[in-house]
Amino acid sequence: MAIETRDHAHLITHALAQDTLSTLRSTETEQVAFRKGLVRLGRICGYEIIDGAMDTEFVPIETPLAETTGERVKGLDNVVIINVLRAATPFVEGLLKAFPRAKQGVISAGRDESAGMDDDGEFPITIDYVKLPDISPDDTVIVADPMLATGSTMCKVLDHVRDVTDSYENLFVLSAVSAPAGLIRVDEAFPEVDLLTVAIDDRLDENGYIVPGLGDAGDRAFRTTD
């Protein structure tokens, strides 16, 4: 299992995840390759969640030649993936390759860049749209957002998840890159949540961007800036 426990998070160390993230970081990676990279990274992370957090069971199987015993992953029909629009869309596309029968929810959330970061390192957050499926106690819930920076957006998103249910089997926040400050903020506000990330970067800059980071994942994926 390529997941290591760190102070406030679990780090996905799979070699292909790290290779893909290196491609995403590069300024030489153009839009199409960037989107495909997020899809690929989501798929790898999904497989790592299956390997590291989901139980298996032994089942009887009849092959063309004999009866034998096989192994199945339990709970693949009880997965909820929540897409934090918009940057998470290709990331979630990859997750769905690992969890093709997952229920899906979307939350459109964004920070008010014009207001700036306050003295506590937070931004005002606007929630424009929320559509979540029913979440049962047996569900594995994955809230996906490629960037976990200040943690302001993710805390608002998790507030809405709590509104739907106060009981779940597993709740994961999954990101490609995270800043230490954001991990601490989410961990303190939601200690029951497992934070999964492919990289814990150095810091936030004065504008609340992750350094070294990979830039604005939404803008790079959808080419909304030059």
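Me: At roughly what angle do the axes of helix α4 and helix α5 cross?
Reply: In this predicted model, helix α4 covers residues 152–164 and helix α5 covers residues 180–189. Their axes come within 9 Å, and the crossing angle is roughly 25 degrees.

Me: Are α4 and α5 roughly parallel or roughly antiparallel to each other?
Reply: The axes of α4 and α5 cross at roughly 25 degrees. Angles under 35 degrees count as roughly parallel. The relation of α4 to α5 is therefore roughly parallel.

Me: Does α4 pass α5 in a left-handed or a right-handed crossing, and which residues of α5 make the contact?
Reply: The crossing of α4 past α5 is right-handed. On the α4 side, the contact is made by Ser 152, Met 154, Cys 155, Leu 158 and Arg 162. The residues of α5 that make the contact are Arg 185, Val 186 and Ala 189.

Me: Are α1 and α2 roughly parallel or roughly antiparallel to each other?
Reply: Helix α1 (residues 15–25) and helix α2 (residues 31–53) have axes that come within 9 Å and cross at roughly 160 degrees. Angles over 145 degrees count as roughly antiparallel. The two helices α1 and α2 are therefore roughly antiparallel.

Me: How many residues of the contact of α1 with α2 are nonpolar?
Reply: From α1, the residues Leu 16, Ala 17, Asp 19, Thr 20 and Leu 24 meet Phe 34, Gly 37, Leu 38, Arg 40, Leu 41 and Ile 44 of α2. Two residues of this contact are polar and two are charged. The number that are nonpolar is seven.

Notes
Residues numbered from 1 in each chain as written. Predicted model: local features only at pLDDT ≥ 70, side-chain atom pairs only at ≥ 80, totals over all residues. Heavy atoms only, no water. Axes fitted to C-alpha atoms, helices over the stretch in contact; angles between N-to-C directions. Helix = DSSP H or I, 4+ residues; strand = E, 2+ residues; numbered from the N terminus. Parallel < 35°, antiparallel > 145°, perpendicular 65-115°, else oblique. Left-handed = near helix turned anticlockwise from the far one by under 90°. Contact = heavy atoms within 4.5 Å. Nonpolar A, V, L, I, M, F, W, Y, C, P; charged D, E, K, R; others polar.
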